[in-house]
Amino acid sequence: PASDRLAGKHILVTAGPTHEPIDPVRYLANRSSGRQGFAIAGALARLGARVTLVSGPVALPTPPGVARIDVETAQEMANAVAAALPADAAVMVAAVADWRVEQADHKIKKDGGAAPELALVENPDILAMLGASPRRPHLLVGFAAETDKVVEHATAKRTRKNADWIVANDVSGDVMGGNANSIHLITKTGTESWERMDKQEVARRLAERIADAL
Ligand code: C5P
């Protein structure tokens with residue numbers, strides 16, 4: 001590795017979207033590419049951490065030195081995260097679907113009548129689950145994709161989910177799926193706004209900050 005600043009530390013990263021089946025052939029998803037989370041996993045590994053990357057369905061290569069676990073649904077992601085504990089730090093970058101379809105085991109057929117109605121149920125909040133866990137990682141970092149009142153909403157999220165830091169990004173522009181990101185780092189003591197930079201650079205800087213904190 002380029003450095004051993006994080007040698008001996010286990011860091012859990014979630015990334016990508018989740019896919020929630022509507023029936024055996026259809027799913028609900030979102031526009032997350034997984035790029036920011038994969039970049040963070042790679043940057044942490046380059047600092048010498050043992051990295052477990054729990055990834056939803058994405059089209060990205062696994063960064064060198066990272067142990068990757070592929071999942072599809074939020075529930076599978078929650079299970080994989082729980083199974084990967086303990087961790088010194090967790091960085092929850094995944095855009096986890098907030099809801100899943102209650103009944104998804106039979107293909108919905110067109111029958112010429114009314115359009116089907118999907119009954120949705122809430123998914124587990126993996127970040128909040130870690131925040132409340134007796135096995136809570138020492139440093140718990142969440143992300144918040146917001147389109148308005150970015151810092152205000154993200155600051156509230158930090159307390160609500162018992163995270164140490166929230167990385168807030170403004171996704172009203174071209175961030176979702178793009179290469180660049182513009183973020184605010186919200187901690188207990190305040191908010192830092194970083195200039196717009198590419199996702200690899202956000203990852204490098206965040207990994208250094210994580211190494212400072214551990
Ligand atoms: O509430 P919101 O989805 O905006 O919170 C975003 C943060 O919470 C991200 O860190 C995301 O990975 C995490 N999250 C989660 N499980 C969910 C929903 C969000 O871990 N079901």
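Which helix and which strand each supply at least two residues of the shell around the ligand? They are α3 (126-131) and β9 (139-146); helices (H or I, at least four residues) and strands (E, at least two) are DSSP runs, numbered from the N terminus.

This is a predicted model, in which local features need pLDDT of at least 70 and side-chain atom pairs count only at pLDDT 80 or more, while totals for chains, interfaces and linings use all residues. Residues are numbered from 1 along each chain as its sequence is written, and side-chain values use heavy atoms, with hydrogens and water left out.

**The ligand**

Select the ligand and display the residues that surround it, among them M92, A94, V96, P124, D125 and K161; a residue is near a molecule if one of its heavy atoms lies within 4 Å of it. A backbone N or O atom of M92 lies 2.6 Å from a ligand oxygen, and one of F143 lies 2.8 Å from a ligand oxygen. From the side chain of K157, an N or O atom is 2.4 Å from an oxygen atom of the ligand. Of the 440 Å² of accessible area that the ligand has on its own, the protein covers 86% (Shrake-Rupley method, 1.4 Å probe).

**N123**

Next, select N123, in the loop between β8 (120-122) and α3. N123 counts as buried because its relative accessible area is 7%; buried means under 20%, exposed over 50%, and partly exposed in between (1.4 Å probe, protein chains only). Its side chain makes a polar contact of 2.9 Å with the side chain of R100. Leaving aside residues up to four places away in sequence, N123 also touches others, including E20, A74 and W99, where contact means heavy atoms within 4.5 Å.

**S3**

Move to S3, in the segment before β1 (10-15). S3 is buried, at 19% relative accessibility. The S3 side chain reaches the backbone nitrogen of R5 at 2.9 Å. Beyond four places in sequence, S3 touches R46, L47 and G48.

**Backbone features**

Select P86, in the loop between α2 (74-84) and β6 (89-92). The peptide bond from L85 to P86 is cis, with omega near 5°.

K149 lies in the loop between β9 and α4 (150-160). Although not a glycine, K149 has a positive phi of about 45°, and K149 is exposed at 55% relative accessibility.

Finish at N162, in the loop between α4 and β10 (165-170). N162 is not a glycine, yet has a positive phi of about 55°; N162 is partly exposed, at 39% relative accessibility.

Definitions and conventions: A polar contact is a pair of N or O atoms within 3.5 Å; within protein, one must be able to donate a hydrogen and the other to accept it, and residues adjacent in sequence count only if both atoms are side-chain atoms.
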